[in-house]
Amino acid sequence: MNRKLRMGMIGGGSGAFIGGVHRIAANIDGLISLHCGAFSSKPEVSKASGEALFLPADKSYTSFEQMIKTEAGLPAEQRMDFVSIVTPNHVHFEPAMMALDHGFHVVIDKPMTFTLDEAKALQQKVKETGLQLLLTHTYSGYPMVKQAKAMVREGKLGKIRKVYVEYPQGWLSSLSEKDGNKQASWRTDPSKSGKAGCMGDIGTHAAHLAEYITGLKIKEVCADINIVVPGRLLDDDGAILLHFDNGASGVLIASQVAVGEENALKIRVYGEKGGLEWRQEEPNTLLVRWSDQPMQVYRTGVGYADPLSSFAAHNTRTPGGHPEGYLEAFANLYRNFALTLQGLQNGQQVSAEALDFPSVDDGVRGMAFIDTVIESGQSTQKWTPFIV
Ligand SMILES: NC(=O)c1ccc[n+]([C@@H]2O[C@H](COP(=O)([O-])OP(=O)(O)OC[C@H]3O[C@@H](n4cnc5c(N)ncnc54)[C@H](O)[C@@H]3O)[C@@H](O)[C@H]2O)c1
């Protein structure tokens, strides 16, 4: 295969948030083109959205069912290669399963599904079909997060003992779901978001980041889950004590009522020999602390005598001092997914760096995280086992 991969988008119509980010991210490296879409549950909005993106009229579908069935019936050289699902959580499973059933790879945003059972069914289907599934946990795409992961994996920090991960946002500090905020309205509706609000929306990102960097698995949790804004139906705040499978302990805080905060995701990891700190709002910097020498400041795109890991280098596009941020991190997920699909289709060996993107297994863990923290939040028992 020596051509761009063809993407069919589900969701992401006019007025949507993350669909536009996915399109930019898919475009950055020139490996993927937008081929078709079912951009909205409303056929006329889907058509208008496709038109605004200059798609041919017959490539804007009126439903995802129509898109998947029609594309599957086209000759191989004309049909899409994968779908990208950027709908609210309750419209994740059905299109993902249908796409896999029709032989298409899947990109899907987090949380992967509405329930843990659905996530497990997707995992089984991915295994049976051998198709690829990329789960867009954005933060694992940053070069300095890759560097942090590599340093832990190489044992530079020693055995990990402590993880602090916090994700404060302020945008749901008032009842904005009642003021016509589209993104707030489905996120706070249990029939569309799922069992959790804040913990599903951003708690899953924090949990994934902690497991991704440390390579550890959360084993049990003790959660305090809150609805702070009166009248809201799902959690908008919470704090969770964590136990990891190597004996390390941690704290995860996620809140959408931390007034004035934008997207202040931050993680600190401490081992026996050293610690590290990364902040999403200053993503090109990784701080590394030692007990016996001054703190080090690693920066994206800068050459050092002891070079950055191949994983950080592979996911860096520009020389130091040219900030790479959210869109590039998102693009790294798409690029690695595309390189993996190309490599597999061409019978080539796919590099470990390209294969390093969140998968269906991470999606199952994310859904188990939601179930576990909500159960723990309602329980009087101190620790709740994390069962996948
Ligand atoms: N990775 C991240 O950092 C990140 C950030 C934001 C959102 N998300 C996730 O992305 C998903 C979408 O979030 P959003 O904020 O963009 O939501 P949104 O409400 O802004 O957009 C959802 C889009 O899906 C469309 N849609 C709904 N039902 C549909 C259907 N049956 N067929 C086709 N289109 C349909 C809507 O019309 C809309 O265009 C959610 O699962 C969310 O958790 C992830």
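Reader: What volume does the largest cavity have?

Author: Let's start with the general idea. Rolling a probe the size of a water molecule over the atoms shows where empty space is left. In this predicted model, the largest cavity has a volume of about 80 Å³. The count comes to three cavities of 30 Å³ or more.

Reader: Which residues line the largest cavity?

Author: You can find them in the structure above: H137, T204, A207, H208, E211, I218, D362, R365, G366, F369 and F386. Helix 9 and helix 13 (360-378) are the elements that give two or more residues to this lining. Sorted by class, the lining has four nonpolar, four polar and three charged residues.

Reader: And what volume does the second largest cavity have, and what lines it?

Author: The second largest cavity has a volume of about 40 Å³. Around it you will find N89, P111, F114, S193, G194, K195, A196, G197, G200, D201, M367 and I370. Helix 9 and helix 13 each supply at least two residues here. The classes in this lining are five nonpolar, five polar and two charged.

Reader: Now the pockets, please. How do I read the largest pocket?

Author: A pocket is open, while a cavity is a space the probe cannot get out of. Here the largest pocket has a volume of about 1200 Å³. It is lined by 47 residues, and the closest to its centre are A16, V86, T87, P88 and W186.

Reader: Which helix gives the most to the lining of the largest pocket?

Author: Helix 7 does, with five residues. At least two residues each come from strand 1 (5-11), helix 1 (18-27), helix 3 (64-72), helix 7, helix 9 and helix 11. The lining holds 19 nonpolar, 19 polar and nine charged residues.

Reader: What takes up the space of the largest pocket?

Author: The ligand does: the space it takes is the largest pocket. The ligand is surrounded by 29 residues, and the closest are F17, I18, N89, K110 and Q183. This shell contains twelve nonpolar, twelve polar and five charged residues.

Reader: Which helices supply residues to the shell around the ligand?

Author: Helix 7 (182-187), helix 9 (198-214) and helix 11 (326-345) each supply at least two residues. Helix 7 gives the most to this shell, with four residues.

Reader: Which residues line the second largest pocket?

Author: They are V126, L131, Q132, L133, L355, F357, S359 and V360. This pocket has a volume of about 150 Å³. Its lining has six nonpolar residues, two polar and no charged ones.

Reader: Let's turn to the backbone. Which peptide bond is cis, and where does P111 lie?

Author: Here is the general idea again. Most residues other than glycine have a negative phi, and most peptide bonds are trans. In this structure, the peptide bond from K110 to P111 is cis, with omega near -15°. P111 is in the loop between strand 4 (105-108) and helix 5 (116-129).

Reader: What is the phi of F54, and where does F54 lie?

Author: F54 has a positive phi of about 60°, although F54 is not a glycine. You can find F54 in the loop between helix 2 (43-52) and helix 3.

Definitions and conventions
Residues numbered from 1 in each chain as written. Predicted model: local features only at pLDDT ≥ 70, side-chain atom pairs only at ≥ 80, totals over all residues. Heavy atoms only, no water. Near = heavy atom within 4 Å. 1 Å grid on protein atoms, 1.4 Å probe; cavity = no way out; pocket = protein on both sides within 12 Å on 5 of 7 lines; lining within 4 Å. Sits in = over half its atoms within 2 Å of the grid points. Nonpolar A, V, L, I, M, F, W, Y, C, P; charged D, E, K, R; others polar. Points joined across faces, edges and corners; volume = space filled by probe spheres on them.
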